[in-house]
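Subject: Structure handover

Hello,

Here is the structure I promised to pass on. Please open it first, then read my notes beside it.

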Amino acid sequence: MEPYHFAIVVLLAPLVSAALIALMSRKRGGVATVISVLAAAVVAVVGLKLTLGGERFALNASWLDVGSFTLSIGFLFDDLSGLMLAVVGLVGLAVHVFSIGYMHDDAAKARYFGGLSLFMFSMLGIVFANNLFMIFIFWELVGFSSYVLIDHYHERQSAAEASKKAFISNRVGDVGFMLGILWCYWSLGTVNLAEISSAVEGGSAVATGIPLLLFCGAVGKSAQIPLQVWLPDAMEGPTPVSALIHAATMVAAGIFMLCRIEPLFVAAPQALSVVMWVGTITALYAAFCAIVQNDIKKVLAYSTLSQLGYMVAAFGLGSLRVAHGEDSVHSVVIAAGAGAAMFHLTTHAFFKALLFLGSGSVIHACHHEQNIFRMGGLRKLPVTFYTFTLAVLAIIGVPGLAGFFSKDAILYLALANNKAVFVILAITAVLTAFYMIRMWKLVFLGEPRSDEARHAHESGPSMTVPLVVLAILAVIGGYGVVYGKLAGDYLALVPHAHGREHIVVLVTSVAVLLVGALAAYRYYPSVDRDALAARSPGVFASLKLLNESFDGIYGYYIQKVQQRFAMLLNFLEQIFLSGLAVRGLAWVVGLFGMGARALHVGAVSAYAYWFLIGLVFLWVFAGGWF
Amino acid sequence: MMLDHMLLLAIGVPLAVAALIFSGMPKRHSVKLAYLGFGLPALIALYAWVSFPGNLGDRYAFLASYDTGLSALGIKLTLGLNGISLPMFVLAGVVGLAAGLYAIQSGAERLKIYLALLLVMHSGLMGMFASVDVFFLYFFHELALIPTFIMVGIWGGRDRNYAAMKMTIYLTLGAMLSLIGLIAVYVQSDAGGFSLIELRQTIQTAPFSATVQKYGFGLLMFGFGILVSLWPFHTWAPLGYGAAPSSAAMLHAGVLKKFGLYGLIQVALPLLPLGAMHWSGWLTVLALGNILVVGFVTMAQRDLKQVISYGSVMHMGYAFLGVACVSTIGAGGAILMMLAHGLSVALSFLLATSIHHRTQTFDLNEMGGLAQKAPVLAAYFVAATMATIGLPGMANFWGELTIFVAVWKFSPWAAVGAVSGVLITAIFALRATAKVFFGPQSDALAKSSTFVPIVDLRWSERVPALILLAMLLLVGFWPKSLSTHLNGTLEAIYPAVESQLAAVAQK
């Protein structure tokens, strides 16, 4: 078998699973579970084989031809997609297995697993896609599966609202994305990723608008300011879905897509600084919001936003000139932004999926209590506690764990390319340590503060084994030996600090970690009230206001501007077009009809007779009998 | 032997069945025969699709000609299919079957007459797209149109008399304008007949003068435009569909309405390219009116059937934009869009009626939580919604995308307006879906379900819905199944159009 046969198997296994579940096993949740988990296992095993096997290939076929326009379907399997495939496969399988236990008693289990399989198919389509139209197609499909899964508990009004909001926010970004693709198509004459790359190398001019419009798609999907509002609400979905789709893979697709079109940014560097600032501001903003959440999943959601901002900022920081070889005379420009972004995407996927699954285990144990002020003392769930703690240490950047390496790469790049961004990202890192330790302490330490927490028990093996596997990855994922296996040549793009800069970055990252972590540990007692709200209500209220400002503005716009505009147009339509114009027309027709009034019997069917009479006349005329 | 006349059979059999039912056949047999009347055209359409020859160029497949006694006027009943009419013919067959099956199980009053009128309409639809002769193209359109008025007038819902009257006035006016345009083409050409084949051959040597093209296309554009609910001549549509019985709405919105656009693409653009270029700016503006103005109006609707009706008017704007580009890509996109939209709007009307059976209302504010009682219905409706908003995997996506590609080439600013429309669609479609199905059950629903328990989508409703959905998915995943034939014909006809325009532009 050729390598691309394996790729086809990987892509189609989840589609077949989704189709089988939709067609046959709507009422048989158990069968659906087996089918879906098997498909995920195929993706993980065959996918890892492809990535580690080292064979890379490209494949192309036309999907639609109209006139000179051809839309292709094809594979571009290089080191970047290999890395993404490994991430999706590993996290995907962990989440599927975890779901066996977590969703065991759910009545609509089949729909859930069908949705997961559909998501895997769509996500893999993005990973393999060799052109922008194909990315867009699967981009929309991941949006749809996300919509279905957020709306899983559809009898809740909040879930219905959240799924709608997610879809529409993403569509706002996709309008820009689509326009960017169209512009690219007519400007460069191609949307094929490899051809774009060679066109840019060949010196084709790229309008700054093209990468900026394409970036709009990433702003929607990766929930960057100003379209970030959907992601916290998306936590209405089941927790494993949050882990897979809204933390590890789908929301990271925006960063993946940016890396795919990196040549366009090289050709239009002004667009890069926009990307950088959007990411930086998102990282800081979301970190502030995370401090005042009391829902365990909301803390993690804002943390995800913040980390995605980190990745987008990393990409926006752009390339780096580094010394090549032993002497420092020769130097090369590397796409360090893309390298650092993908590195952080990978480590983040492991530890954030672990955090979400761990929170799922906590929520499951506490009978769906999600308020961290009603938890406490949950270190009695040993596997959950230790793995979760590892993940917390990884995200706040404790040296030796995965998050430390990738965060340092970004900080170093920022130090080298833009000091202001470096400072903001360092502050974000302080806040990250602060809100993570706050949550960790409130959930696991102290005494249980509710009956749910008091009666909590550790979950079964289908839920704990994935936690352990992800915990291992969250520890080892940052080492070049491991990451290099998955990332291939993308490893070389990760920036490494040397000498004095290395010390600056190291000292900064350890300092921010200690400051943030210790402050939170000392500030928050294990009680059932938010210490910040009690001690500094002003600060708390301001952060809350900041947190809710976007939703407030958008709500105002939708209710007071958009909907009123729609009502106004509707009013004009009913009054002028339907009312006056038609009555005027009817009056004119009435004039014509005056003479025929005698023949007009007032029924619509009269027209049928007129039609027949006319027909008879026509035939008589044509037959020459007239 | 039979296959040589299969297009005639697709037209004649529904008409013959209708005649038999009218002549007083008992109800039991009427229904059985109706299955034949609705089923056979669909089978023939599928056969035509599967056996459609490749490399046809600008020729027609399954060509057959019948003398009807009008040859003195150059009129012959010439039937045939090319790549442009094939997708429409398939659409008519499939939607006709679904609408027929849905009507048979509807339990409508005076079911026999209802079915007979639907069959007459169906016969007209099949004939419309199978006609190579422009006279019969028009004739079959009228044949399908008249039963629509009658069905709205008799089986309609609220405001049926006003709706029927308004539809009649508008559509008769539209039909009159386009008739004048077609007669002008007939009179001005040297072909001495109505056959499209001859007309196309004639203009290769003797094209119409610029003046004829300008006025001819103008008449056709506005005439056909009214029939397809071009903004601002669209107000008959929401009213009419709101009142129409579901199967009639499915056939009209799904198939019959496409006549105007089909006429523009099959007849007007190839024959009158300079006229098309003259009007394309206007057509763009009006089409954007459909997309943006009607789009916002749709957002303000509070009645499920009105959301679907206005949404359908809005989406016709995309097809008009495709026409306004006067290009191969634009025309191809418009045909794909029409095919997909016909299927999805028919599915939406069907499901809306099924919702109404369960909720006894179309008022969105009184609905909520129906998915808990009818999960299968909810799944179908979500699928229809996703088709409406052009999700990839559904046929609609290809139509919209191809049109966007064409429009950007034609005018990037128009493309900005058109692409923004997908957001508007998402807003109203998802809002309606959430209102009907999700969230807690509404008081009205809880109350009505205490009297009669709400059942999920029954198989008799599910089968016609499944036919439409399967077709949407088939074209959605495998667009080439139809687009290859479509492209073959377009590439044979439209490059001449484009080069003629390029030549004029250079001058």
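Start with helix 14 (residues 296-317) and helix 15 (residues 336-365) of chain A, which pack with their axes 8 Å apart at an angle of about 175°. Axes here are lines fitted to C-alpha atoms, for helices over the stretch in contact, and angles run from 0 to 180 degrees between N-to-C directions. So helix 14 of chain A is roughly antiparallel to helix 15 of chain A. The cut-offs are these: under 35 degrees is roughly parallel, over 145 roughly antiparallel, 65 to 115 roughly perpendicular, and the rest oblique. Helices (H or I, at least four residues) and strands (E, at least two) are DSSP runs, numbered from the N terminus.

This is a predicted model, where local features need pLDDT of at least 70 and side-chain atom pairs count only at pLDDT 80 or more, while totals for chains, interfaces and linings use all residues. Residues are numbered from 1 along each chain as its sequence is written, and chains are lettered from A and ligands numbered from 1 in the order in which they are written.

Which residues meet in that helix pair? From helix 14 of chain A they include A:Leu300, A:Tyr310 and A:Phe315; from helix 15 of chain A they include A:His344, A:Leu355 and A:Val362. Contact means that two C-beta atoms, placed from the backbone, lie within 7 Å. By class, this contact has 14 nonpolar, seven polar and two charged residues. Ala, Val, Leu, Ile, Met, Phe, Trp, Tyr, Cys and Pro count as nonpolar; Asp, Glu, Lys and Arg as charged; the others, Gly among them, as polar.

**The two chains**

Chain A comes to 25 helices and four strands. Its C-alpha atoms fill a box of roughly 105 × 65 × 50 Å along the principal axes. Of its 626 residues, 55% count as buried. Buried means 20 or more other C-beta atoms within 10 Å of the residue's own; 12 or fewer is exposed, and in between is partly exposed, with C-beta atoms placed from the backbone. Among contacts in chain A with a separation of 6 or more, 80% are between residues 24 or more positions apart.

Chain B has 21 helices and two strands. Its C-alpha trace spans about 75 × 55 × 40 Å along its principal axes. In chain B, 66% of the 507 residues are buried. A compact globule with 507 residues would have a radius of gyration near 23 Å, and chain B agrees, with 22 Å. That radius is taken over C-alpha atoms, and the globule rule is 2.2 Å times the number of residues to the power 0.38.

**Where they touch**

The contact takes 48 residues from chain A and 59 residues from chain B. Which helix of chain A gives the most to its side? Helix 6 does, with 13 residues. The chain A side divides into 32 nonpolar, nine polar and seven charged residues.

A:Ala223 has a positive phi of about 50°, although it is not a glycine. Most residues other than glycine have a negative phi, and most peptide bonds are trans. A:Ala223 counts as buried because it has 28 C-beta neighbours inside 10 Å.

A:Pro226 is also placed in the loop between helix 8 (209-221) and helix 9 (230-233). A cis peptide bond joins A:Ile225 to A:Pro226, with omega about 5°.

A:Val229 lies in this loop too. Is A:Val229 buried or exposed? A:Val229 is buried, with 20 other C-beta atoms within 10 Å. Leaving out residues up to four places away in sequence, A:Val229 touches A:Ser169, A:Phe550, A:Asp551 and A:Tyr554.

**Chain B details**

B:Pro232 sits in the loop between helix 8 (210-227) and helix 9 (236-243) of chain B. A cis peptide bond joins B:Trp231 and B:Pro232, with omega about 0°.

B:Val326 lies in the loop between helix 13 (304-324) and helix 14 (328-359) of chain B. Its phi is positive, near 45°. With 24 C-beta neighbours inside 10 Å, B:Val326 counts as buried.

Now follow helix 14 of chain B. Of its 32 residues, 30 are buried, so this helix is largely enclosed by the rest of the structure. Just after helix 14 of chain B, B:Gln360 takes a positive phi of about 65°.

Best wishes
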